[in-house]
Amino acid sequence: MDPAIENKSLLTPVLIIPGFMSSALTIEKSPHKAWEGKRIWMNITQLGFQSLRVGGALRENEKIRASQQDNSNQASSIASHELHQQYMKEMECKSRWVRHMCLQDDMKSEKDGIEVRPIPGCAGVDYLSAGALTESLTYVFGPVLELLKSKGYKEGINLDAAPYDWRLPPDMLQKRDKYFTNTMEKITHLYRQSNETPVIILCHSMGCKTSHYLFNFVRHHLGENDGQKWLDKYIHMYVPIGAPHIGAPKSVRAVIDGDKMGLDAFIDDDEGLMFGRSLGSTPWLFPLENTPAMPISTSLPPSVLRLESSITLTIPTQTIPMKSFVYRRAVMPSKVRLAIHIAEDFVVRTEFYPLSRGKSPTLILKEEVWSVALPPTIEETLKLYPHIFVHLEELGAGKPRKNRRGIYHCDVCWLCRFAFCMVKWFFCLPCAIVL
């Protein structure tokens, strides 16, 4: 039987367009084959760094390891080592996850060998992480879908959703995924399956701007007159919820300060910054100078790119002799770190590393890399950051000093040394005059 005949209730069909970070994403292609087919947004448990939370056992164990000097309890040492190995494994897993989520510097292309795509249909907008414990924390349109289905709506007949890769600017949604032409086909399908009843577009947050873009796309794709006729025929109502028609100030903060995507317990500040600055969709939400609530003008670009350059600072794995640093020190520091001062208030630091003991102490550094955003030209960069200083810092709260305490000391025998030099000079002077 034709599904359209089954739709006797003549319910007005509904198409849901979700907002920013509200479409579930899955990995279709990855250098790590075990990850292919898994949901990456959002499924921390399945991807394997669920224990890497702030205040968790792994983080606390790393703090203890950093503060320990000597540990005579062998059992405790073994347990600490095991937790450390798990910590390193989950850190690697988290770095891999961030790499899959971030886009390249052009803010629209994925990393080489990686393909992340939205989960189609209502399954991509109900809960970001399905499960008895996680659904209540990660629901998007799940409760709305349940309510509509309880009123007689059937998925694929008079109810559907159009998830999208919310990381991309809108023009790339069409160029890469044919999103807007596919959404037009979904609307047409719902129309036909619902006894030719026009469709309600229910959207939230950035989905409202995506819907606006869809309406303008229809006019551009079919022509102004035919496009308007298509909209009049197939669209019954446009229902925006929390629509950022004039922009969202938080999007500016995400680009400047980063965005942890609500995962503050797992994501570090630098990872949030790297992710926030890689998204091509975020600038689309910037507040507009012209703020009337109207459809997007054709004079406005579909995406905005930032103009900047970057510098990569790399501290390679190496062993540094520290004999000169601790020379004549009354107390040798237990740990030191490198601090790279790019400006007075712009500093990147390594972790604290212990100094080896003995007559020739050494410092073993592990490789660390920072990517620092800079102005677009070298001239502007040199004006802001003319010098880069590297300091060694000890544990403590003091500011870096060029003259370290303990290197110079008072010589209690200086009077004897001075008298000896004067006698030597007196007896050597006649020979010097004759020669």
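Is Arg176 buried, partly exposed or exposed, and what is its relative accessible area? Arg176 comes out as partly exposed, at 22% relative accessible area (buried means under 20%, exposed over 50%, partly exposed in between, with a 1.4 Å probe and protein chains only). Some notes on the rest follow.

1. Ground rules. This is a predicted model, where local features need pLDDT of at least 70 and side-chain atom pairs count only at pLDDT 80 or more, while totals for chains, interfaces and linings use all residues. Residues are numbered from 1 along each chain as its sequence is written, and side-chain values use heavy atoms, with hydrogens and water left out.

2. Arg176 and its partner. Arg176 makes a salt bridge with Asp165, 3.0 Å from N to O (the rule: a side-chain nitrogen of Lys or Arg within 4 Å of a carboxyl oxygen of Asp or Glu). The two sit 11 residues apart, Arg176 in helix 6 (residues 170–177) and Asp165 in the loop between strand 5 (159–161) and helix 6. Helices here are DSSP runs of H or I with at least four residues, strands are runs of E with at least two, and both are numbered from the N terminus. Asp165 counts as buried because its relative accessibility is 0%.

3. Salt bridges with shared partners tie Glu110, Arg117, Asp165, Arg167, Arg176 and Asp177 into one network. Within it, the side chains of Glu110 and Arg117 meet at 2.7 Å, N to O, and both residues are buried. The structure holds 12 salt bridges.

4. Glu155 pairs with Lys149, with 3.6 Å between the closest N and O atoms. Glu155 counts as partly exposed because its relative accessibility is 43%; Lys149 is also partly exposed, at 41%.

5. Helix 5. In helix 5 (residues 142–150), the buried residues are Gly142, Leu145 and Leu148. Down the helix axis they fall within an arc of 130 degrees, so they line one face; the arc is taken from the directions from the helix axis to the C-beta atoms. The face turned away from the buried side carries exposed Leu147 and Ser150. Just after the helix, Gly152 takes a positive phi of about 110 degrees.

6. Strand 2 (residues 25–29) is joined to strand 3 by two bridges, and Leu25 stands opposite Trp41.

7. Aromatics. There are 11 aromatic pairs, counting rings of Phe, Tyr and Trp (its six-membered ring) with centres within 6.5 Å; planes under 30 degrees apart are stacked, over 60 edge-to-face and the rest tilted. Phe180 and Tyr213 have ring centres 4.9 Å apart and planes at 35 degrees, so this pair is tilted. Phe180 lies in helix 7 (residues 179–193) and Tyr213 in helix 8 (residues 206–222), 33 residues apart. Phe180 is buried at 0% relative accessibility, and Tyr213 also counts as buried, at 18%. Ring pairs gather both into a cluster with Tyr164, Tyr179, Phe217 and Trp284.

Definitions and conventions: Pairing = 2+ DSSP bridges.
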